[in-house]
Amino acid sequence: WLDGKETEHLVHEAINALPPQRQLVYKLSRNDGKSYKEIAEQLNISVKTVQAHLVEATRSIKEYLQNTPGGSMALFLFLCEIYHR
């Protein structure tokens with residue numbers, strides 16, 4: 001099993017593997033707590049584009065963690081975080 005720091009590190013690796021724009025949208029949403037509308041206005045993109053970036057970011061992070069040795073616990077914690085927002 002991975003400890004908390006190792007698990008957090010894997011999730012950060014997965015986020016950092018995202019394309020730059022998708023990573024920025026994800027961080028503005030999850031880390032800064034901005035709404036889709038706030039992100040759209042800040043980046044001059046549509047709300048639908050923000051939504052699409054977040055859907056793809058979540059899919060990519062899940063896939064990254066599924067394919068990483070020891071990533072199952074990180075995936076579990078990542079999914080728990082998503083569903084408790």
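The model is predicted. Helix H2 spans residues 20-30, helix H3 residues 36-43, and helix H4 residues 47-66. H2 packs with H3, H2 also meets H4, and H3 in turn meets H4. Two packed helices are described by the angle between their axes and the distance between the axes.

**H2 with H4**
- The axes of H2 and H4 come within 9 Å. They cross at roughly 95 degrees.
- H2 is therefore roughly perpendicular to H4, since angles of 65 to 115 degrees count that way.
- On the H2 side, the contact is made by Gln21, Arg22, Val25, Tyr26, Ser29 and Arg30.
- On the H4 side, Val50, His53, Leu54, Glu56, Ala57, Thr58 and Ile61 take part.
- The residues of this H2 and H4 contact divide into 6 nonpolar, 4 polar and 3 charged.

**H2 with H3**
- H2 and H3 pack at an angle of about 135 degrees. Their axes are 10 Å apart.
- The two helices are therefore oblique to each other.
- The crossing of H2 past H3 is right-handed.
- H2 brings Gln21, Leu24, Val25, Leu28 and Ser29 to this contact. They meet Ile39, Gln42 and Leu43 of H3.
- The contact of H2 with H3 holds 5 nonpolar residues, 3 polar and no charged.
- Gln21, Val25 and Ser29 of H2 are listed in the contact with H3, and these residues are also listed in the contact with H4.

**H3 with H4**
- The axes of H3 and H4 come within 8 Å and cross at roughly 110 degrees.
- That angle makes H3 roughly perpendicular to H4.
- Tyr36, Lys37, Ile39 and Ala40 of H3 meet Val47, Val50, Gln51 and Leu54 of H4.
- The residues of this H3 and H4 contact divide into 6 nonpolar, 1 polar and 1 charged.
- Ile39 of H3 meets H4 here, and Ile39 is also part of the contact with H2.
- Val50 and Leu54 of H4 meet H3, and both are also in the contact with H2.

**Arginine 30, in H2**
- Arginine 30 is placed in H2.
- Its relative accessibility is 18%, so arginine 30 counts as buried. The cut-off for buried is under 20%.
- The side chains of arginine 30 and serine 29 are joined by a polar contact of 3.1 Å.

**Asparagine 44, between H3 and H4**
- Asparagine 44 is in the loop between H3 and H4.
- Its phi is positive, about 55 degrees, although asparagine 44 is not a glycine.
- With a relative accessible area of 72%, asparagine 44 is exposed. Exposed means over 50%.

**Glutamate 56, in H4**
- Glutamate 56 is found in H4.
- At 27% relative accessibility, glutamate 56 counts as partly exposed.
- Glutamate 56 and glutamate 38 are 18 residues apart in sequence. Their C-alpha atoms are 19 Å apart in space.

**Glycine 71, in H5**
- Glycine 71 lies in helix H5, residues 71-83.
- Glycine 71 counts as buried, at 1% relative accessibility.
- Leaving out residues up to four places away in sequence, glycine 71 touches Leu10 and Leu65.
- Glycine 71 and leucine 10 are 61 residues apart along the chain. Their C-alpha atoms are separated by 7.0 Å.

Conventions. Residues are numbered from 1 along each chain as its sequence is written. This is a predicted model: local features need pLDDT of at least 70, side-chain atom pairs count only at pLDDT 80 or more; totals for chains, interfaces and linings use all residues. Side-chain values use heavy atoms; hydrogens and water are left out. Helices (H or I, at least four residues) and strands (E, at least two) are DSSP runs, numbered from the N terminus. Buried means under 20% relative accessible area, exposed over 50%, partly exposed in between (1.4 Å probe, protein chains only). A polar contact is a pair of N or O atoms within 3.5 Å; within protein, one must be able to donate a hydrogen and the other to accept it, and residues adjacent in sequence count only if both atoms are side-chain atoms. Axes are lines fitted to C-alpha atoms, for helices over the stretch in contact, and angles run from 0 to 180 degrees between N-to-C directions. Angles under 35 degrees count as roughly parallel, over 145 as roughly antiparallel, 65 to 115 as roughly perpendicular and the rest as oblique. Contact means heavy atoms within 4.5 Å. Ala, Val, Leu, Ile, Met, Phe, Trp, Tyr, Cys and Pro count as nonpolar, Asp, Glu, Lys and Arg as charged, and the others, Gly among them, as polar. A crossing is left-handed if the near helix is turned anticlockwise from the far one by less than a right angle, and right-handed if clockwise.
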